[in-house]
Every structure is written in C-alpha cells, then in structure tokens.
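Me: I have a protein model open and I want to learn how to read it. Can you take me through it, feature by feature?

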Amino acid sequence: MRRLILLLCLVAGPLWANDWDALKEPGAIAIMRHALAPGTGDPAEFTLGDCATQRNLSDRGRAQARRTGDALRAEGITFDTVLTSQWCRARETAELLDFGAPRDLPALNSFFRRFERREPQTADLLEALRQTEGRVMLVTHQVNISALIGTGARSGEIIVFRLVPDGVERLGSILIDP
C-alpha cells in the first residue's frame, strides 16, 4: 500500500496542496499546530514551566519545524509577530521556525483537560488578535485550533484565516512535512 501511495504522489503530486496565496490575502493570520510530538496530551504530573514533565517535540518534529520555516521564507513569507502557547512543544516549534523571538500568549495554551476554558480562552485569543498588527504567526495546540477555526490540524500544519465581524474565515492551509 505504501508503494502505491508513493507512486501516486510521484505521478500526481502530493495528496495535499499548500495554499501559499492564502498567506498573501489582506488580514491573513497563520495558526500552526506544534510540530510532531509523540503521544497525546500531557502526563498527570505536568508542570507548565518544566519541559521534563511535558510531551515534547521529537527529532522529527524539530526537523519539521525548521523545514516549515525554511519553506515559508522560500515563498517570501515572513511574520511581524510570532505568538505561542507556553507549552514547551509549542514554544520550541515557534523558535525553530526562526521568525524572531516568539512571545507567550496564554490564550494559546492548551485546554485539553480543561474544556471549560474553551469559550473564554478563545474569546481572549480573538481579542488579542484584534489588537495585533502586521502579519502574525500563532503556534498552539489542536484543541485551540478546533475551537477557533472549527477544523482540526495535523502536527505542523498551518491553517490560514482572517478575522471577520462574526468570528473567523478560513482561507487555506499549509503542511510542509506530513
């Protein structure tokens, strides 16, 4: 089966398409799910400031984040502001993209085990975005992307959207290294 998929990719191209033009739309914002970090959620003894207690990027995840940053730059895309979750895997992804020092934004922190935070945290994120100028890259978690955009994202995938009066409008997606 793997050989069949590889053959299809060689003949027809990849099974996904990158929407580079979406990032060139007025008001476009990029939100990225952190790069590959094996597992789900965090251990019960998780501590925000201690990466040793968290699920972290794998070597493949680190390489994925670097390649994503390189591919964006190759397309002439840069960011004025990079905002990240305070979780180590998101922060490391944001750093490895190499678009300048990321700033922590608690509204991007995962609420995986605290779903009561979904609505207020998403509202806080929208408010922060309304106050941020320039091209923005956000690095966060699956639950945050689903709450904001209404769709999931694979590890390392970027969903491109813009703010509209009643929420957000999805413009496209980019996945460099599935």
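**Reading a predicted model**

Me: Where is Cys-51 found?

Reply: Cys-51 is in the loop between β1 (29–33) and α2 (59–74).

Me: Which residues does Cys-51 contact, leaving aside its neighbours within four places in sequence?

Reply: Cys-51 is in contact with Asn-56 and Cys-88, once those neighbours are left aside. Look at Trp-87 as well. Cys-51 and Trp-87 are 36 residues apart in sequence, but their C-alpha atoms are 7.9 Å apart in space.

Me: What surrounds Leu-108?

Reply: Leave aside the neighbours within four places in sequence. The contacts of Leu-108 then include Leu-83, Gln-121, Leu-125, Leu-138 and Asn-144. Take Gln-121: Leu-108 and Gln-121 are 13 residues apart in sequence and 7.8 Å apart in space, C-alpha to C-alpha.

Me: Now the whole chain. How many helices and strands does the protein have?

Reply: The protein has five helices and six strands. Read from the N terminus, the elements run α-β-α-β-α-β-α-β-α-β-β.

Me: What share of the residues is buried?

Reply: Of the 178 residues, 47% count as buried. Contacts tell you about the fold too. Take those between residues at least 6 apart in sequence: 62% of them join residues at least 24 apart.

Me: How do I read a single helix? Let me try α2.

Reply: Check its length first. α2 has 16 residues and spans 23 Å from its first C-alpha to its last, close to the 22 Å expected. Then ask which residues are hidden. In α2, the buried ones are Gly-61, Gln-64, Ala-65, Thr-68, Gly-69, Ala-71 and Leu-72.

Me: Where do those buried residues of α2 lie around the helix axis?

Reply: Look down the axis of α2. The buried residues fall within an arc of 165°, so they line one face of the helix. The face turned away from the buried side carries the exposed residues Asp-59 and Ala-74.

Me: What do the buried residues of α2 pack against?

Reply: They pack against β1, α3 (88–97), β4 (136–140), β5 (158–164) and β6 (167–174). Past the helix, α2 is followed by Gly-76, whose phi is positive, near 80°.

Me: Next, the inside. What is the general idea of a core?

Reply: In soluble globular proteins, nonpolar side chains tend to be buried together. Here, the largest nonpolar core has 20 residues. Those with the most contacts inside it are Leu-23, Leu-72, Phe-79, Met-137, Ile-158, Val-160 and Ile-174.

Me: Which elements supply this core?

Reply: β1, α2, α3, β4 and β5 each supply at least two of its residues. α3 gives the most, with three. Leaving aside its neighbours within four places, its contacts include Ala-30, Leu-72, Phe-79, Leu-97 and Ile-158. A second, separate core has 17 residues, among them Ile-31, Ala-107, Leu-125 and Ile-145.

Me: Last, the sheet. In what order do the strands lie?

Reply: The sheet is open and has six strands, in the order β3-β2-β4-β1-β5-β6, with mixed pairing. β3 (103–104) and β6 are the edge strands, each pairing on one side only.

Me: How do I follow the pairing of β5?

Reply: Take each side in turn. β1 and β5 pair in the antiparallel sense over four bridges. Ile-31 has Ile-159 in β5 as its bridge partner. β5 and β6 are also antiparallel, over seven bridges. There, Leu-163 is bridged to Val-168 in β6. A hairpin joins β5 to β6 through two residues.

Me: Which helices lie on these strands?

Reply: Helix α4 (residues 118–130) lies across β1, β4, β5 and β6, at about 75° to β5. Helix α5 (residues 142–149) packs on the sheet and touches β1, β4, β5 and β6. The direction of α5 makes about 145° with that of β1.

Technical notes:
Residues are numbered from 1 along each chain as its sequence is written. This is a predicted model: local features need pLDDT of at least 70, side-chain atom pairs count only at pLDDT 80 or more; totals for chains, interfaces and linings use all residues. Side-chain values use heavy atoms; hydrogens and water are left out. Contact means heavy atoms within 4.5 Å. The expected span of a helix is 1.5 Å times one less than its number of residues. Buried means under 20% relative accessible area, exposed over 50%, partly exposed in between (1.4 Å probe, protein chains only). The arc is that of the directions from the helix axis to the C-beta atoms. A nonpolar core is a set of buried Ala, Val, Leu, Ile, Met, Phe, Trp, Tyr and Cys residues joined through side-chain atoms within 4.5 Å. Two strands pair if DSSP finds at least two bridges between them. Axes are lines fitted to C-alpha atoms, for helices over the stretch in contact, and angles run from 0 to 180 degrees between N-to-C directions.
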